[in-house]
Each structure stands twice: as C-alpha cells, then as structure tokens.
Amino acid sequence: MTTRSLRQMPWVGENAVLDLANTVVCETGPARRDIDLLADVELLASWRERVADRRLAALPIEELTPLRGLVRQALEAASRDAAPDEHVRAELNKRAETAPVTFLLTSDGNLEQRETGGPVDGSIARQALAVTAGPDRARVRRCHAPSCGMYFLARRRDQAWCTVGCGNRARSARRES
C-alpha cells in the first residue's frame, strides 16, 4: 500500500464496522510491519475526517482501540467461517444490548429497522454482530494481498482481494517468487 493511499484511505466510508476494523494495515513498507492508524496522530485525524459515522469518529482513542479489537476478532472468525470466541461474543452482545432498535412498517409495506439511540459502541457492536453472524457472514473476507490485510464484504463468490490494486499486487508477487 502506498503512503499516498494510506493517507487518502479510499477504503473508508462504506461500512462503519469495516471502517473501524481496517484501521490496521498489515505488513507495509520495507520493514513489513503493521501500521496502526489509531496510533499515528496524522493518520488518526485523517481517518476521523473520512469515516461516515460521525459518532464513531468522535469516540476517544481509549474507547476506539478495545472496540476495534473486538470487531477485528469477530471479522477474523467470520472470514474463516467460524464463530468468535466466547469472550468476544459476550462483550459484543453486552455492548449491543445498549443500542435500542425499533421496527417500522414503511409506506410501501416493507419492514424497516431503525436505531433509536444509545451509545456508539453499542451501535457498532450491533452492526458487527449483524455483519459477522447475519446474512453477510459468508461475504466477509480478509485480503491476503501484500501490504493489505483489510476486511471486506465480497461482491462476488470468487472475490479474493479487496480491490483491483490488491489483486494486481498479489499476482505480481506470485510471479516474482
């Protein structure tokens, strides 16, 4: 991943759960080390500007970091078609209980689910449960391209990488080895 794309964060803004989980970029640069966007003041500020959920963006770092850990563990389990461990399940369930939801019947006769308040960590926990245990669970993947490691929801059954650029890097790395 280039420094430019790291600063622009093109992957942020579609899904709050993925926005939070993908604040770690795996094995980047010559040192092949992970970059934690929450640990770098400039990158954290850039992430806060781009994340779609403004309440999530406003959470203090002391709350973001443990919440991210829970979300990443749940996504990792889902990407392997496994259930998260008991601690992760219990903590996400506990937090999700604080995010009340109501159901509404729309004018076109469809059922709509809407949040009715609660803390942002509860909302993110509830969304993480929906992504990792709901109908989208089979779509959760982790990109194994060099310098990535991002979680994503596959749009196709055979999608292996989060972006075309990652697919190009992965194929190039295979040719070089």
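Predicted model: local features only at pLDDT ≥ 70, side-chain atom pairs only at ≥ 80, totals over all residues.
Thr23 is a buried residue, with a relative accessible area of 0%.

**Thr23 and its surroundings**

- Thr23 sits in a loop, the one that runs between helix H2 (16-21) and strand S1 (24-28).
- Its side chain has a polar atom 2.8 Å from the backbone oxygen of Leu20.
- Which residues does Thr23 contact once neighbours within four places in sequence are left aside? They are Ile35, Asp36, Leu37, Leu38, Trp47 and Arg68.

**Helix H3**

- Helix H3 covers residues 41-50, and its buried residues are Leu43, Leu44, Ser46, Trp47 and Arg48. Trp47 also turns up among the contacts of Thr23.
- The N-terminal end of H3 is capped by Asp40, which has a side-chain oxygen 3.0 Å from the backbone nitrogen of Glu42.
- Leu44 counts as buried because its relative accessibility is 12%, under the 20% cut-off.
- Setting aside neighbours within four places in sequence, Leu44 is in contact with Leu37, Leu38 and Ile61. Leu37 and Leu38 are on the contact list of Thr23 too.
- Ser46, also found in H3, has a relative accessibility of 12% and so counts as buried.
- What does the side chain of Ser46 make a polar contact with? The partner is the side chain of Arg50, at 2.6 Å.

**Helices H5 and H7**

- Two numbers do the describing for a pair of packed helices: the angle between their axes and the distance between the axes.
- For helix H5 (residues 61-79) and helix H7 (residues 120-133), the axes come within 10 Å and cross at roughly 5 degrees.
- Angles under 35 degrees count as roughly parallel, so H5 and H7 are roughly parallel to each other.
- On the H5 side, the contact is made by Leu67, Val71, Ala74, Leu75 and Ala78.

**Val71 in H5**

- Val71 belongs to helix H5 and counts as buried, given its 0% relative accessibility.
- Not counting residues up to four places away in sequence, Val71 touches Val17, Leu20, Ala21, Ile124 and Ala128.
- Val71 and Ala21 are 50 residues apart along the chain, yet their C-alpha atoms are separated by 6.2 Å.

- Most residues other than glycine have a negative phi.
- Asp81 is not a glycine, but its phi is positive, at about 55 degrees.
- You'll find Asp81 in the loop between H5 and helix H6 (86-96).
- Is Asp81 buried or exposed? At 61% relative accessibility, Asp81 counts as exposed.

- An unreviewed UniProt entry carries the annotation "domain: Zinc finger CGNR" for residues 139-174.
- In the model, that 139-174 span is 31% helix and 17% strand, and its end C-alpha atoms lie 25 Å apart.

Methods
Residues numbered from 1 in each chain as written. Heavy atoms only, no water. Helix = DSSP H or I, 4+ residues; strand = E, 2+ residues; numbered from the N terminus. Buried < 20%, exposed > 50% of the residue type's maximum accessible area, 1.4 Å probe, protein only. Polar contact = N/O pair within 3.5 Å; in protein donor to acceptor, adjacent residues only side chain to side chain. Contact = heavy atoms within 4.5 Å. Axes fitted to C-alpha atoms, helices over the stretch in contact; angles between N-to-C directions. Parallel < 35°, antiparallel > 145°, perpendicular 65-115°, else oblique. UniProt positions renumbered as here; feature names shortened; annotations may be inferred.
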